[in-house]
Amino acid sequence: MNAAQRRVGHGKADSVSGHGSGRGQYAVWTASDKSKRHSLGKGALTAGSAILILILAISTAFVGNGPNIGDFLERQYLSREAKLAILSDHIQQTLDGQSILVIAEETEVIEPRCDFNKLNAEFAERIGASAFYEFPKLTFASEEEAMMAEEDFRTANQYNEILKTYPQVDVVVVLNHLPMDYQMLDIWDVKRWNRKYHRLPPKLILAEHPIYDMRRPIKAGMIVAATPDSPTAIYDYKKPLPKDIQERFDQQYLLVTPDNVDSMTKEYPGLFMEE
């Protein structure tokens, strides 16, 4: 499957209010939530060199005398492999026959054995995606520039342009983080989308984006699956990851859906913000 390597222009998105699924109207976000958005999103953005710096810092803290970056990246690769394997199984079991768009972010291949771009493309193939859009990787003149860059690497307007290109898909799987201003995505406004395209907006699946303030859109069925880090995740970098895919996934992630969001809320306090 060929990745679409198109750049989407920047711009200011129209402000839209969130609504729920076609079953009724839900208040996905309120005005009081907007002040919380920025503090939540700052930790969510990633980009090329900045990721590498973060990996080095974290691995130094856990490993001690400095990381073997190849081994550390392989660990991240195996973790993502497990996440995408479990997520693809879930999609095949619950969304078979639906038209799916996969959105990913191209990243620099630092270690040949850990090609995350290939992993993303294989995931799209496995679930039978109708389309695969890959943002071209972000480049900076220096690592300092990457760390100091403005937070709006990607914008809701860019995503809205992509979604306008594929208005007939049933599901959008986002393998990277959503943009900082994700509350400005057009798909949250069900009535407006329906007037424009004569159908409900596509449902979302979030592989990476934090779901701390996403309980309501998950409950409403606008987000049909998410795989956030588990609050009880085990990160022991001195022990090898389990070979079993399910065990590897369960050690680090959760699979949250509209069907289990209530039980997940009770089982993992702090997974979602208090409403």
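1. Basis of the values. This is a predicted model, in which local features need pLDDT of at least 70 and side-chain atom pairs count only at pLDDT 80 or more, while totals for chains, interfaces and linings use all residues. Residues are numbered from 1 along each chain as its sequence is written, and side-chain values use heavy atoms, with hydrogens and water left out.

2. Overall content. The protein has 10 helices and 5 strands, where helices (H or I, at least four residues) and strands (E, at least two) are DSSP runs numbered from the N terminus. Of the 275 residues, 48% are buried; buried stands for under 20% relative accessible area, exposed for over 50% and partly exposed for what lies in between, with a 1.4 Å probe and protein chains only. The accessible surface comes to about 13,800 Å², and 50% of it belongs to carbon and sulfur atoms; such areas come from the Shrake-Rupley method with a 1.4 Å probe, and for residues only the protein chains shown count as cover. Among contacts (heavy atoms within 4.5 Å) between residues at least 6 apart in sequence, 76% join residues at least 24 apart.

3. The sheet. The 5 strands form an open sheet in the order β2-β1-β3-β4-β5, with parallel pairing; two strands pair if DSSP finds at least two bridges between them. Its edge strands are β2 (131-135) and β5 (223-226), each of which pairs on one side only. From one strand to the next the twist averages 15 degrees, angles being taken from 0 to 180 degrees between the N-to-C directions of axes, which are lines fitted to C-alpha atoms, for helices over the stretch in contact.

4. Strand pairing in detail. β1 and β2 are joined in the parallel sense by 5 bridges, and within β2 the bridge partner of V102 is F132, while that of E105 is F135. Between these strands the chain crosses through helix α4 (residues 116-126), and this β-α-β crossover is right-handed, in the sense that, with the strands pointing away from the viewer, the path from the first strand over the helix to the second runs clockwise. On β3, β1 is held in parallel by 4 bridges, with I103 opposite V174. A further 4 bridges join β3 (residues 171-174) to β4 (residues 203-206), also parallel, and there V171 stands opposite K203.

5. Burial of two strands. In a regular strand the side chains alternate between the two faces of the sheet. In β1, I100, V102 and A104 point one way and L101, I103 and E105 the other, and all are buried, so that the count is 6 of its 6 residues. In β2, A131, Y133 and F135 point one way and F132 and E134 the other, again all buried.

6. Helix α3 and its neighbours. Helix α3 (residues 69-94) lies across β1 (100-105), β3, β4 and β5, running at about 150 degrees to β5. Against α4 it packs at about 10 degrees with the axes 10 Å apart, and the two helices are therefore roughly parallel, a label for angles under 35 degrees, with over 145 counting as roughly antiparallel, 65 to 115 as roughly perpendicular and the rest as oblique. The residues of α3 that meet α4 include L73, Y77, L84 and I91, and those of α4 include F116, L119 and F123. With α9 (residues 245-252) the angle is about 105 degrees and the axes are 9 Å apart, which makes α3 roughly perpendicular to α9. Among the residues that meet there are L78, A82 and I86 in α3 and I245 and F249 in α9.

7. Helix α6. Helix α6 (residues 156-165) is mostly covered, with 7 of its 10 residues buried, including Y159, I162 and L163. The cover over these buried residues includes β1, β2, β3 and α7 (190-197).
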